[in-house]
Amino acid sequence: MTPAGKPRNALAGGIAQIGACGLFLLSILAAVPASLRHIRETVRQVWFVGAMSLTIIMTCGLFVGMVLGLQLYYVLSIFGGTAALGTVVSLALYRELGPVVTALLFAGRAGTSITAEIGLMRATDQLSAMEMMAVDPLAYVVTPRFLAGVIAMPLLACVFNALGIFGAHLVGVAWLGLDNGTFWSNMTSSVDVWKDVINGLWKSVAFGAVITLIATFQGYTTPPTSEGVAYATTRTVVFSSIVVLALDFVMTAFLM
Amino acid sequence: MPDLTPADDSTLIRIRGLKTVLNGKTIFDGVDLDIPRGKVTAVMGPSGTGKTTLMRHITGQLAPDAGSVVVDGRDVPRLSRGDLFRLREKIGYLFQNSALLTDFSVFENVAFPLRQHLRLPEELIRNIVLTKLQAVGLRGAAELMPSELSGGMARRVALARAIVRDPMLVIYDEPFVGLDPIALNQVVKLIRMLNDTLGLTGILVAHEFSAVKRVADQVYLIAAGKIAAHGTPAELAADTSPWTRQFFGGEADGPVPFHYPARDYALDLGFPEARA
């Protein structure tokens with residue numbers, strides 16, 4: 001193979017992967033009606049990918065909010081505008097940091113777990129066994145995890161935002177002495193529910209869909225070896241992070 | 001278009017002119033094979049000869065490159081996914097590595113096909129599952145998780161799951177591997193009993209000729225992509241062809257090469273003068 005042929009093949013392989021992932025998404029959507037028969041499995045997955053991610057989401061939300069509060073208080077104090085701390089922190093969290101950081105944490109916590117679980121099911125013939133028992137693995141295994149990601153992500157982003165604002169309040173009001181009424185009243189008068197909060201939640205829904213799509217696709221198509229599962233898990237984190245940040249830019253441009 | 005009418009009603013599976021090439025290697029080159037209804041047929045052959053691949057053709061997991069695979073009057077490679085799933089509901093499959101669902105207990109693994117396809121009262125599901133587990137000697141292990149089972153126990157649970165719906169056809173892929181002599185004897189008896197009492201058709205992929213002799217009505221020996229020998233266990237035991245002599249005699253020399261193709265042994269060991 002010529003040196004120029006390698007990148008061309010890699011590019012063709014990448015495009016083929018994106019195409020295969022698109023077809024996989026269509027298969028998932030087609031399997032949604034059948035997966036409603038396994039609604040308990042979807043609820044179980046919401047618990048696994050959502051409730052089990054709460055600790056990391058809450059802890060990180062709190063610290064991100066505290067750091068934001070500290071940094072913004074310092075910057076705003078230069079211009080004598082510390083009263084705007086609540087507004088700036090909440091807008092940053094609702095519009096960008098909440099959905100994006102939650103998505104990155106979700107990819108690391110739940111995305112990897114989904115890929116590894118489905119990959120090991122592939123490696124140990126559990127998916128083939130389901131096929132042989134006339135149970136569609138797309139409807140029983142993949143779609144419930146996809147739906148769980150779409151449902152859980154906006155809820156986790158809400159929790160992240162709430163803890164972030166609480167962290168900023170701790171630093172700004174309890175520690176640095178900003179007036180409590182000013183913090184809340186400026187925030188509530190400046191934040192628009194539809195433009196800021198709901199648009200941020202739309203982003204979360206899209207990020208949840210993209211991450212669980214990548215995670216399930218990587219797990220479902222992984223070579224049935226321990227090395228294959230390891231690579232697939234790594235690819236889930238890398239691809240999810242890149243796609244989330246790129247999609248965030250695109251969605252921000254359209255939602256502004 | 002393959003002839004979907006069985007030669008007579010006693011033939012459950014009819015395979016004609018089967019050709020399969022995987023990764024550039026010819027697995028089957030014109031295999032013809034009949035599986036009679038209500039009998040136990042053993043498929044034997046050297047490792048890597050395509051026995052499991054043949055089972056994958058029969059169950060529609062893999063389409064052949066040429067030839068027909070007709071199961072119960074249906075041309076499997078041409079079936080839609082829905083029709084294939086309807087056919088698979090009548091087939092029990094015991095995987096080589098058991099393939100138990102690791103999230104579920106032994107009980108739930110065996111109950112899984114019942115819960116997915118039938119609306120049965122919980123008490124009836126419980127009775128059916130415990131009956132099947134009793135048959136494989138593991139009723140007491142119903143609450144254990146797959147991670148708590150030995151390889152042999154996992155295989156017996158997988159066997160209970162394969163027969164839980166009393167299917168038309170049961171495919172046993174290496175059912176005797178990892179079983180102690182007591183469990184092996186019981187599994188042999190169970191396969192025979194399922195055939196004798198319920199009239200189930202069985203396909204047995206195995207290497208243990210001593211066990212196969214006790215349970216199988218007929219044996220196909222596959223080698224080099226073709227049917228090397230076919231007959232009752234007694235006929236194959238008495239057969240003097242080079243294939244059967246080598247396989248059942250366990251000899252390294254014969255038509256089936258023991259060694260994977262390689263370059264000269266002396267050259268590999270660094271003694272070129274030995275070949276000079």
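1. A salt bridge here is a side-chain nitrogen of Lys or Arg within 4 Å of a carboxyl oxygen of Asp or Glu. By that rule, four salt bridges cross the interface of chain B and chain A. One of them pairs the side chains of B:Asp103 and A:Arg44, at 3.4 Å from N to O.

2. A word on the ground rules: this is a predicted model, in which local features need pLDDT of at least 70 and side-chain atom pairs count only at pLDDT 80 or more, while totals for chains, interfaces and linings use all residues. Residues are numbered from 1 along each chain as its sequence is written, chains are lettered from A and ligands numbered from 1 in the order in which they are written, and side-chain values use heavy atoms, with hydrogens and water left out.

3. Back to the interface. Counting contact as heavy atoms within 4.5 Å, 22 residues of chain B touch 19 residues of chain A. The area buried between the two chains is about 1800 Å²; this is the accessible area (1.4 Å probe) that two parts lose on being put together, summed over both. Carbon and sulfur atoms give 56% of that area.

4. Which elements of chain B each supply at least two residues of the side that touches chain A? They are α2 (81-88), β6 (91-94) and α3 (106-117), with helices (H or I, at least four residues) and strands (E, at least two) taken as DSSP runs, numbered from the N terminus. The most comes from α3(B), with four residues.

5. Now for the rings. Rings of Phe, Tyr and Trp (its six-membered ring) pair if their centres lie within 6.5 Å; planes under 30 degrees apart count as stacked, over 60 as edge-to-face and the rest as tilted. Over all chains, the count is six aromatic pairs. A:Tyr140 and B:Phe112 are edge-to-face, because their ring centres lie 5.3 Å apart and their planes stand at 90 degrees. This pair joins two chains, since A:Tyr140 lies in helix α6 (residues 137-175) of chain A and B:Phe112 in helix α3 of chain B. Both A:Tyr140 and B:Phe112 are buried, where buried means under 20% relative accessible area, exposed over 50% and partly exposed in between (1.4 Å probe, protein chains only).

6. Within chain A, A:Phe183 and A:Trp184 also form an edge-to-face pair, 5.2 Å centre to centre with 85 degrees between the planes. A:Phe183 counts as buried at 0% relative accessibility, whereas A:Trp184 counts as partly exposed at 36%. Please look as well at A:Phe24, A:Phe217 and A:Tyr220, which ring pairs link into a cluster.
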